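This report goes through a single protein chain, from its overall dimensions to individual residues. The sequence and the structure come first.

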Amino acid sequence: MPQLGPGAGTLGLSHTARAAMTSLPASSAATADTFAASTALPPDDDWREMLHNEVHARPSARIRLPALVFTVAVLNHGVSREDEWAHLKQLPGQAGLRLEDLHGNFLRLRFADHTLKWERHTEFTRYAVVQPLPEGAGLDHAEPALLDQLVLPPDWLRAVPGRTVAALQLVMLETDITDPHAALAAAQRWFGGRTVVASLMGNGHSMAVTNFRLRTDGFERLLVLAPPGTTETRAGRISQRLLEIEIYRLMALRGLPVAKALAPVLAESESALATVTARLEARESSEAELLDQLIHVAARVERATAEHQYRFSATEAYDALVRQRLTELREKPIPGTQTIGEFMQRRLSPAIATVAATAQRLGSLSQRIERSSALLRTRVDIATETQNHQLLAKLTRGQELQLHLQSTVEGLSIAAISYYVISLLLYGGKAAKAAGLPLNPEMAAGAAIPLVLWAVWQATRRIHRRLHTQD
């Protein structure tokens, strides 16, 4: 997620804060040492000092008017801190700059006639140069050439690692603004007579004027008119808010191209899902075919979610920052002219709404796919239960047939056993007759048939009863 401006980035103290700490009186330094070695408290959490110093992470600049501020914000994806450190070391007199000085994600380098501020955020890095206003850049000049007055080496700015996302030239002048219309007319001439938007900030303590247009040199311009006596800290806060508004606005709009590119994919996925749902309702296709189509749609949507959800969340966060900074300006309108907040919100809101609608559409589509998957899964479960029921019915029928067959076999077994028993009796009777006993073997065997059948039948029943008792 984007870092929330001053005091909300990756933590650490600036050179200014470090210098202030090193310049403490001996008693204060002793107090700090005592605090570090204190045993009056439980052991510190690993993040305690880092979180405590968060409020000092990005202090506001102190700008002496009149001044010219160049600000360039570059995307730092694929750009390491070491790359930016190596580039900063190329500045005059900075060969001894240490990498540790950049660990706080904030660095202010002071030179003889200007100051360079480096800030690294989650997605972008900002370079800001504050220098005295050159001659020929005041209100009495129209369309003054400012880039030629940049105090940095000519090729240093062009070689900044990263890709430019915002570039601004902020001119801050001391002038009387008791008559806002006269001051606005002079500012409009300074912009070459073009249409501008303007606001009285802080309920009238200064005026900001811009036209939100990129110039041929790649920069857009902002003009701040402040009354004489404006303090350096107030001028620093004004510049910081205005520059952050524009940078965060552009970062928020980075979600718009993504939303527009995703619209055809979402439309196609919604159509495919509607087709699958209709075929599911009409039972026109097999479960396997419908499942294959649904998996294809779900995979496409999940891929889009994985690739773009961060961008949509970042857009929401950056937009919240823009609205917060606009609120902090406490704008007061100049009759007949749009304020910066009105102009920006009127043009920013539709884009943010488009991004939010796309994110909501993507989430809704994912939920609909989940519901369709549940319906298809229910249909598959019902079909599986039906198949299982049919299989059980077949198994039951097979068992019944087997039981009937077993009963038939048992009847035949009784006859067969009886046959063998009677045959034995017949052979026994013939043996007895041969031995001289007055016996007719055939008659005796015939008379024993009912008794043998009854005995075999009783024996079979006894075996059955014994098996049932064991079960």
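Where is Pro66 found? Pro66 sits in the loop between α3 (48-52) and β1. The peptide bond leading from Leu65 to Pro66 is cis, with omega near -5 degrees.

## Basis of the values

The model is predicted, and for that reason local features need pLDDT of at least 70 and side-chain atom pairs count only at pLDDT 80 or more, while totals for chains, interfaces and linings use all residues. Residues are numbered from 1 along each chain as its sequence is written, and side-chain values use heavy atoms, with hydrogens and water left out.

## Overall dimensions

The chain has 10 helices and eight strands; these are DSSP runs numbered from the N terminus, with helices being H or I of at least four residues and strands being E of at least two. Its radius of gyration is 45 Å, whereas a compact globule of 471 residues would have one near 23 Å. The radius is taken over C-alpha atoms, and the globule rule is 2.2 Å times the number of residues to the power 0.38. Along the principal axes, the C-alpha atoms fill a box of roughly 160 × 65 × 40 Å.

Of the 471 residues, 40% count as buried, where buried means under 20% relative accessible area, exposed over 50%, and partly exposed in between (1.4 Å probe, protein chains only). The accessible surface comes to about 26500 Å², and 57% of this belongs to carbon and sulfur atoms. These areas come from the Shrake-Rupley method with a 1.4 Å probe; for residues, only the protein chains shown count as cover. Among contacts between residues at least 6 apart in sequence, 74% join residues at least 24 apart, a contact being heavy atoms within 4.5 Å.

## Charges

There are 50 positive and 48 negative side chains, and the centres of the two sets lie 5 Å apart. Lys and Arg count as positive and Asp and Glu as negative, with His and the chain ends not counted. The place of a charge is taken as NZ of Lys, CZ of Arg, CG of Asp or CD of Glu.

## Aromatic pairs

Rings of Phe, Tyr and Trp (its six-membered ring) pair if their centres lie within 6.5 Å; planes under 30 degrees apart count as stacked, over 60 as edge-to-face and the rest as tilted. By this rule the count is seven aromatic pairs. One of them joins Tyr127 and Trp156, whose ring centres are 5.9 Å apart with planes at 80 degrees, so the pair is edge-to-face. Tyr127 belongs to strand β4 (residues 124-132) and Trp156 to the loop between β4 and β5 (163-174), so the pair ties together parts that are 29 residues apart in sequence. Tyr127 is buried at 2% relative accessibility, and Trp156 is buried at 4%.

Trp190 and Phe191 also form an edge-to-face pair, at 5.1 Å centre to centre and 80 degrees between the planes. Trp190 is buried at 0% relative accessible area, and Phe191 at 3%.

## Buried residues and their contacts

Leu146 is placed in the loop between β4 and β5 and is buried at 1% relative accessibility. Leu146 and Asp217 are 71 residues apart in sequence, with a C-alpha to C-alpha distance of 9.7 Å.

Ile340 lies in helix α9 (residues 340-434) and is buried at 3% relative accessible area. Not counting residues up to four places away in sequence, Ile340 touches residues including Val197, Ala208, Phe212 and Leu242. The C-alpha atoms of Ile340 and Asn211 are separated by 9.2 Å, although the two are 129 residues apart along the chain.

## Positive phi values

Which phi does Asn105 have, given that it is not a glycine? The phi of Asn105 is positive, about 60 degrees. Asn105 is in the loop between α4 and β2 (106-110), buried at 2% relative accessibility. Phe212, also not a glycine, has a positive phi of about 55 degrees; Phe212 is in the loop between β7 (206-210) and β8 (220-226) and is buried at 17% relative accessible area.
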